[in-house]
Amino acid sequence: PASLEDILKQWELDSTKLSGATVDNAANIQKAVADILKWKCLGCFGHTINLCVKAGLKQQQIQVALARCSRLVKFFRKSTVAANLLTKKQAALESPVHKLVKDVETRWNSTSFTSLWFKGS
């Protein structure tokens, strides 16, 4: 695997002109950037927000609501008959037709897309 220094050379970057790197919150990555390159580490804002949101989603009431949403998504994704009826009902109500999104822990925003669909956004 390429080292940080190899990557800098590959991209023709002069490490003396760079002063920091945006990284995730993993201690080993921050240590590598600080120790090897002598740069300051800036935590990724998106990653930090995602961690905060995930912590909030662990609340019992939210877990119950998300479990219900997940069961509904699973039902409509398993049944083409039900999915077709849902699409027809949305069209009859002149409501936007949304694609059902399965909540996947490693895919950022999948929980919000799953729950927004049920909210009617």
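Modeller: Leucine 18 counts as partly exposed, because its relative accessibility is 32%. Please keep in mind that this is a predicted model.

Colleague: Where is leucine 18 found?
Modeller: Leucine 18 sits in the loop that lies between helix H1 (4-10) and strand E1 (20-23).

Colleague: And which residues make the nonpolar surface patch?
Modeller: The patch is made by Ile7, Trp11, Leu13 and Leu18, and its area is about 400 Å².

Colleague: What about glutamate 12, where is that found?
Modeller: Glutamate 12 is also in a loop, the one between H1 and E1. It is exposed, because its relative accessibility of 74% is over 50%.

Colleague: What is phi for glutamate 12?
Modeller: Phi of glutamate 12 is near 55°, which is a positive value in a residue other than glycine. For context, most residues other than glycine have a negative phi.

Colleague: Is glutamate 94 buried or exposed?
Modeller: Glutamate 94 is exposed, because its relative accessible area is 75%.

Colleague: Stepping back, what does the secondary structure of the protein chain come to?
Modeller: The protein chain has six helices and two strands. Along the sequence, they follow the pattern α-β-α-β-α-α-α-α.

Colleague: What share of the residues is buried?
Modeller: Of the 121 residues in the protein chain, 16% are buried.

Colleague: Now charges. How many salt bridges does a search of the whole structure find?
Modeller: The search finds one salt bridge. Aspartate 35 forms it with lysine 31, and their closest N and O atoms are 2.5 Å apart.

Colleague: Why are those two residues separated by about one helical turn?
Modeller: Aspartate 35 and lysine 31 are four residues apart in helix H2, so about one helical turn separates them. As background, side chains of opposite charge can pair when their charged atoms come close.

Colleague: How exposed are the two partners?
Modeller: Aspartate 35 counts as partly exposed, because its relative accessibility is 39%. Lysine 31 has a relative accessibility of 53%, so it counts as exposed.

Colleague: There is also lysine 38. Where is its place?
Modeller: Lysine 38 lies in the loop between helix H2 (27-37) and strand E2 (40-43). At 65% relative accessibility, lysine 38 is therefore counted as exposed.

Colleague: How many residues apart in sequence are lysine 38 and serine 19, and what is the distance in space?
Modeller: In sequence, lysine 38 and serine 19 are 19 residues apart, while in space their C-alpha atoms are 8.0 Å apart.

Colleague: Which of them gives the most to the lining?
Modeller: H5 gives the most to the lining of the second largest pocket, with four residues. The lining residues include Phe76, Arg77, Leu86 and His98.

Note on methods
Residues are numbered from 1 along each chain as its sequence is written. This is a predicted model: local features need pLDDT of at least 70, side-chain atom pairs count only at pLDDT 80 or more; totals for chains, interfaces and linings use all residues. Side-chain values use heavy atoms; hydrogens and water are left out. On a 1 Å grid over the protein atoms alone, a cavity is a set of points where a 1.4 Å probe fits but cannot get out, and a pocket is an open set with protein on both sides within 12 Å along at least five of seven lines; lining residues have an atom within 4 Å of a point. Patches are made of residues with over 30% relative accessible area and no salt bridge: like charges are joined within 9 Å, nonpolar side chains (Val, Leu, Ile, Met, Phe, Trp, Tyr) within 5 Å. Accessible areas come from the Shrake-Rupley method with a 1.4 Å probe; for residues, only the protein chains shown count as cover. A salt bridge is a side-chain nitrogen of Lys or Arg within 4 Å of a carboxyl oxygen of Asp or Glu. Buried means under 20% relative accessible area, exposed over 50%, partly exposed in between (1.4 Å probe, protein chains only).
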